Amino acid sequence: MSYARIIGTGGYLPEHIVTNFDIEQKVDTSAEWIFERTGIEQRHIAAPDETAADLAEHAARRALDAAGIDGDTLDLIVVATTTPDHVFPSVATQIQARLGAYGCPAFDVQAVCTGFVYALGIADKFVRTGSARRALVVGSETFSRILDWTDRTTCILFGDGAGAVVLEASEEPGILSSHLHADGRYKELLWVPAGVSSGYDQTCLNQAYVAMRGSEVFKMAVRTLGRIVDETLSANQMTAEAIDWLVPHQANERILVATARQLNLPMSRVISTVRYHANTSAASVPLALDVGVRDGRIQPGQTVLLEAFGGGFTWGSVLLTY
Ligand code: ACO
């Protein structure tokens, strides 16, 4: 049987850093409150002329470099984003043009913070079924554009960035399984009320920004992430001890700690970037994966569990041999 194996990772964070101290100058909060409740210290924010496609291109080029391949050898591009440059065309087609991979299928996936896990699960199926040999999977977000920077309950949490992986068909184990879920009944706990089709009241601009019932999302995230890990381990007849690295969605350090505790996994086996990146939505998992690979913690042959939870609600996991 053929597997989809990761042969390169890449990440990109915009240059501009906004610290908790910067935010406390603008809204009624304190740097300590943000750090204590979330573990976040800073976030990167895209420049005004920098878009999701720009961030995606940087991360993609770094992943292609790490894989040692050229863009024109790709035969699938999937980009996870909630904050694309345009209503259409997709970010995926734009980076396809920039990378010179003309002709291969290229499309965006929208599953908010679970987007990259969804995109990786989809690309895995293309590769396993022989429909693609080399796939680029990217998570890229400019979440700062859908934040109300006067709302202290949301603006403290998010940042911008992109992460990418290159997959290649291989007889050696790569992605072992992916598990994707959604439950649309929770739409209004975490959403942007405005939309292309539903429109919005121009006098009520905050409809165009993220609205969230934070503590309800928090509880749901912890419960659901515990369940998805159990589902993944039992599908692979494994126990948590077999996991070398947990690479979770980076929403809140307290969610990471709670998930690791449920698994009996020490925090030393969890890749945590939330302190420096904040929540970059679909970019958070591939960015954290790239950090773990580049600093040498994640080694070839190790077992890595990626998992995420986000708006929708959507949630999912990917278990892989790196
Ligand atoms: N500064 C100071 N006080 C604040 C701030 C702030 N930035 N934000 C909220 N507060 C206040 C609230 O108004 C509330 O005051 P009150 O008790 O007088 O009403 C108090 O702090 C406690 O608010 P809670 O919402 O209960 O605080 P909580 O401990 O739950 O922390 C947080 C809030 C950080 C948003 C947390 O709920 C969280 O991280 N939730 C998950 C949200 C998330 O990550 N969403 C992203 C997408 S989904 C995902 O990625 C998992």
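**Ground rules.** I'm working with a predicted model, where local features need pLDDT of at least 70, side-chain atom pairs count only at pLDDT 80 or more, and totals for chains, interfaces and linings use all residues. Residues are numbered from 1 along each chain as its sequence is written, and side-chain values use heavy atoms, leaving out hydrogens and water.

**Helices 3 and 4.** I looked up how helix 3 (residues 52–67) meets helix 4 (residues 91–99): their axes come within 10 Å and cross at roughly 50°. Helices here are DSSP runs of H or I with at least four residues, strands are E runs of at least two, and both are numbered from the N terminus. The axes are lines fitted to C-alpha atoms over the stretch in contact, with angles from 0 to 180 degrees between N-to-C directions. On the helix 3 side, the contact (heavy atoms within 4.5 Å) includes A56, A60 and L64. Helix 4 brings V91, Q94, I95, R98 and L99.

**Helix 9.** Next I checked helix 9 (residues 284–294), where nine of the eleven residues are buried, so the helix is largely enclosed by the rest of the structure. Buried means under 20% relative accessible area, exposed over 50% and partly exposed in between, with a 1.4 Å probe and protein chains only. After helix 9 I found G296, with a positive phi near 85°.

I noted a cis peptide bond between F88 and P89, with omega about 5°. P89 sits in the loop between strand 4 (77–80) and helix 4. V112 has a positive phi near 50° and is buried at 16% relative accessibility. N264 also has a positive phi, about 60°, but N264 is exposed at 71%.
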